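Morning, everyone. Please put the sequence and the model up on your screens.

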Amino acid sequence: MTTWEQFERRLVSAANAALAAAFAVVLAGVALAVSITWGGPAALFDISAGAATAVFALVRDRLRGPAAALCALGVAAVAVPIASAAELPREPGPAMILALSVLVGSAIRRLSTGWGVGLTIGYAVIVVGSHLLAPATSSDVITAFAAAGWFGAVAAGLLLRLVDLRRRFAAERVRRDERVALARELHDVAAHHLTGIVVQAQAARIVARTRPAEVTGALDQIETAAAEALTATRRVVGVLRDSGDAPPTTPQPESLADLVRRFPGPAVDLRTPPGFTSGVDWPPELAATVYRIVQESLTNVARHAPSARHVTVGLAESPGVVTVEVADDGDPRRPGPSSTGDGHGLLGMRERVEALGGTLDAGPGPRGWVVRAVLPGSGGAA
């Protein structure tokens, strides 16, 4: 689960808790008012109908599709004529209106257009039916409140649906741009290897004429170069390469030491294995990915951790595995880079890492924010 998904889940839980408290207050207030004016039985009916729809509103995320909204509309469709026939307070009451608004707004946001339109019409039928069944002498306050709830549900649902669509489009654009950049890098790497194969094959032809005993060694070199090219090519399977006029990316970026040196934010401590040579022995796509992770993580520190005073960039290498970790000492309670700003730097990093067969985690650490990526090294699987 991504950091943004964790934050969103906590936000939804808090919203549901606030909604439950609102239902409790509304039900208690309406029950008191109805019992004083209409008596206990009328209050009991209103509480029962309102509580039933409130329950469906609170468990809407646990039921599949439109089930919660359909059940709540069913309760309202039964309660409205019963209240009218028994000369009880008009339904839907305030709690039911709040529940129906939440359910219909959520359906407009998350369900298909057909279900959204259908449930919206159903809610409108409840509002209009309540008004038509009401006595001519009754107040129109409940009708106005129900109409306001209907309009609020439609407006909020459409707005949130638009926000979700824009977020998905932006996320897809980031994924596509990251894949295009990675594809260019791997394309350049494959072209480099294939050029070497051609040169070695030409040299092997000359060796075969002049020194036949050395042909085997030349063929071994060709085989090694071909295997490296095949590994790089396999990693780009499924990645589309755009033929636009964007400049090609650099297979070998500047060194991490240079990147850290010119970072304008907090002091950075770069920790690398003994004898580390800036990844010159790595495949170019691996070196570029490590560089990108560090670059984006430092950018996020500058943007989202104003209280940070120190950053640690750690690099570890074991047979077939390269681990890079960037940690700062800022406020660990901050929601993280994916919930502020453009919100897509972390998404782009994850897309690049997963394209190479690695994993990336980001979240609060012991003192601040930590980004950790595990990548297959030069000896790892493609």
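Predicted model: local features only at pLDDT ≥ 70, side-chain atom pairs only at ≥ 80, totals over all residues.

Residues are numbered from 1 along each chain as its sequence is written, and side-chain values use heavy atoms, leaving out hydrogens and water.

Start with the sheet. It is open, has five strands in the order β1-β2-β3-β5-β4, and its pairing is mixed. Helices (H or I, at least four residues) and strands (E, at least two) are DSSP runs, numbered from the N terminus. Two strands pair if DSSP finds at least two bridges between them.

Which strands are at the edges? They are β1 (267–271) and β4 (359–364), each pairing on one side only. Antiparallel β4 and β5 (residues 369–376) share six bridges. One partner pair is Leu-360 with Ala-373 of β5.

Now the helix. α9 (residues 284–304) packs on the sheet and touches β1, β2 (310–318), β3 (321–328) and β5. Contact means heavy atoms within 4.5 Å.

Next, the cores. A nonpolar core is a set of buried Ala, Val, Leu, Ile, Met, Phe, Trp, Tyr and Cys residues joined through side-chain atoms within 4.5 Å. Buried means under 20% relative accessible area (1.4 Å probe, protein chains only).

The largest nonpolar core has 30 residues. Val-290, Ile-293, Val-294 and Leu-298 have the most contacts inside it. Helix α9 gives the most to this core: eight residues. Val-290 touches residues including Trp-282, Leu-315 and Leu-375. Another core, of 28 residues, lies apart from it, with Ala-54 and Met-96 among them.

How values were computed
Axes fitted to C-alpha atoms, helices over the stretch in contact; angles between N-to-C directions. Buried < 20%, exposed > 50% of the residue type's maximum accessible area, 1.4 Å probe, protein only. Lists of a residue's contacts leave out its neighbours within four places in sequence.
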